[in-house]
Amino acid sequence: MAKASVLGAGAWGTALAMLLSDNGHEVTLWSPFAEQTEELRRTRKSAALGEVELPESLCFTSDLKEAAEGRELLVFATASVYTRGVAKEVKPFVKPGQLIVCVAKGIEDKSLLFQTDEVKQEIPDALVTCLSGPSHAEEVARRLPTTCVAGAEDSEVAAKVQQLFMNRVFRVYTSTDVRGIELGGAVKNVIALAAGIADGLGYGDNTKAALITRGIAETARLGVKIGANWETFAGLTGIGDLIVTCASMHSRNRRAGILIGQGKSMEEAMREVGQVVEGVYSAKAALALAEREQVEMPIVEVVNRVLFSGLSAAEAVQMLMERDPVAEWNHI
Ligand SMILES: NC(=O)c1ccc[n+]([C@@H]2O[C@H](COP(=O)([O-])OP(=O)(O)OC[C@H]3O[C@@H](n4cnc5c(N)ncnc54)[C@H](O)[C@@H]3O)[C@@H](O)[C@H]2O)c1
């Protein structure tokens, strides 16, 4: 069994800490906020996960040195905007060849790097991998059957991550297409905003299905251009994650989209959802990446215009409907 720490005690970090504890590992959950650590320790419940009880064996700390030293596994589970900062801070405490699993979903503003690239830049001698898929924290914490993909360029390292996380209710596949996994995870938050907007406008299931499938088509188009495998987008971290995010009220991106579709501004929607709405950050970065790679991403483009340029939600959907007629697949 391994000594592991999960850095970030939000919904997902806490659910993964529970999962790793269930698997018999010795797990510490780190939060940067001492009050949050204290509350987790005292109540053995997480505000983000409702009434689920945290395992007795799970330890808590807000001391990064204590969390990181001597661990076989470090899971980076803060919201994606904090990943680089945590990597910088934790670097002095990690050993060469440290196994790191990134589970946040996002593209860094300006650098346009994915999570694993950011961490590799900060800690070049670590073994940096990712874990992603259709996996709401609330359901994983309730031990409902869930599937994910462990991504690493070296398939043996991916298999190691698979072995650490997999159990009877959490099935893990492996992949060496880290780029495709991370792109799917980041862009689906943008498409979920679009799906939410359509719901907020009162549109139906047809519109949602269109956004999901055309959303994955444009994500795959960009993915192939940056060296990802097309099949990844037909898998758990592509269409799988997009379906779960666009269909569920657990998704804060979809909830923010619904509010925008109902006429709220982006700022009002973010305030009402009350948590980091990663799709808002990823929208800009995904568009910049598409422009850099000269790939058309019409849904990502109109979401940006709704969020940042005052285009109304209804006009945005109409713009998508009135694009030039094209074949379904000839331009992927
Ligand atoms: N919630 C899910 O179901 C789920 C599932 C799969 C992947 N993810 C991804 O995992 C990541 C975390 O999601 P979440 O739902 O746990 O988010 P969250 O907002 O609930 O938690 C984020 C955590 O980040 C940490 N944090 C906050 N401010 C920080 C700061 N200034 N510096 C460092 N750390 C800080 C805190 O521990 C906080 O609890 C996201 O990228 C999300 O897309 C979430």
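Visitor: Why is Lys 120 called partly exposed?

Guide: In this predicted model, Lys 120 has a relative accessibility of 27%; since buried means under 20% and exposed means over 50%, a value in between is called partly exposed, and that is the class Lys 120 receives.

Visitor: What makes the contact of Glu 153 and Lys 120 a salt bridge?

Guide: The N to O distance between the side chains of Glu 153 and Lys 120 is 3.4 Å, and the criterion asks for a side-chain nitrogen of Lys or Arg within 4 Å of a carboxyl oxygen of Asp or Glu, so the pair qualifies as a salt bridge. Glu 153 sits in the loop between strand E7 (146-151) and helix H7 (155-165), while Lys 120 belongs to helix H5, so the bridge ties together parts that are 33 residues apart in sequence. Glu 153 itself, with a relative accessible area of 60%, is exposed, because the cut-off for that label is over 50%.

Visitor: Why is helix H5 described as largely enclosed by the rest of the structure?

Guide: Of the eight residues of H5 (residues 115-122), six are buried, so the helix is largely enclosed. The buried residues are Gln 115, Thr 116, Asp 117, Glu 118, Val 119 and Glu 122. Their cover includes strand E4 (73-76), helix H4 (83-90), strand E5 (99-102), strand E6 (127-132) and helix H8 (178-200).

Visitor: In which network of salt bridges does Glu 122 take part?

Guide: Glu 122 is linked with Arg 84, Lys 88 and Glu 108 in a network of salt bridges. Glu 108 is found in the loop between E5 and H5, and when residues up to four places away in sequence are not counted, Glu 108 touches Arg 84, Leu 113, Glu 118 and Ala 285.

Visitor: How do you know whether Glu 108 is buried or exposed?

Guide: The relative accessible area of Glu 108 is 19%, and because buried means under 20%, Glu 108 is classed as buried.

Visitor: What makes Lys 105 and Asp 241 a salt bridge, and where in the chain do the partners lie?

Guide: Their side chains meet at 2.8 Å, N to O, and as the limit is 4 Å, the pair is counted as a salt bridge. The partners come from distant parts of the chain, with Lys 105 in the loop between E5 and H5 and Asp 241 in helix H10 (residues 236-247), 136 residues apart. Lys 105, at 15% relative accessible area, is buried, and Asp 241, at 1%, counts as buried too, because each value falls under 20%.

Visitor: What are the labels of the partners in the salt bridge of Glu 69 and Lys 65?

Guide: Glu 69 and Lys 65 meet at 3.7 Å, N to O, and their relative accessibilities are 38% for Glu 69 and 40% for Lys 65; both residues are therefore partly exposed, between the 20% and 50% cut-offs. A search of the whole structure finds 18 salt bridges.

Visitor: How do you know how many disulfides there are?

Guide: A search of the whole structure finds zero disulfides. Cys 246, for instance, is in no disulfide, the nearest cysteine sulfur being that of Cys 148, 17 Å away, whereas a disulfide requires a pair of cysteine sulfur atoms within 2.5 Å. Cys 246 is buried, at 1% relative accessible area, and Cys 59, at 42% relative accessibility, counts as partly exposed.

Visitor: Which residues form the nonpolar patch that includes Tyr 281?

Guide: Val 81, Tyr 82 and Tyr 281 form the patch on the surface, with about 310 Å² of accessible area together. Tyr 281 lies in helix H13 (residues 278-293) and is partly exposed, with a relative accessible area of 42%; this value passes the requirement of over 30% for a patch residue.

Visitor: How is the protein divided into domains, and how many residues are in contact between them?

Guide: The division is into domain 1 (3-176) and domain 2 (179-321), whose centres, taken over C-alpha atoms, are separated by 25 Å. Contact involves 26 residues of domain 1 and 26 residues of domain 2, where contact means heavy atoms within 4.5 Å.

How values were computed. Residues are numbered from 1 along each chain as its sequence is written. This is a predicted model: local features need pLDDT of at least 70, side-chain atom pairs count only at pLDDT 80 or more; totals for chains, interfaces and linings use all residues. Side-chain values use heavy atoms; hydrogens and water are left out. Buried means under 20% relative accessible area, exposed over 50%, partly exposed in between (1.4 Å probe, protein chains only). Helices (H or I, at least four residues) and strands (E, at least two) are DSSP runs, numbered from the N terminus. Patches are made of residues with over 30% relative accessible area and no salt bridge: like charges are joined within 9 Å, nonpolar side chains (Val, Leu, Ile, Met, Phe, Trp, Tyr) within 5 Å. Accessible areas come from the Shrake-Rupley method with a 1.4 Å probe; for residues, only the protein chains shown count as cover. Domain bounds come from an automatic or database domain assignment.
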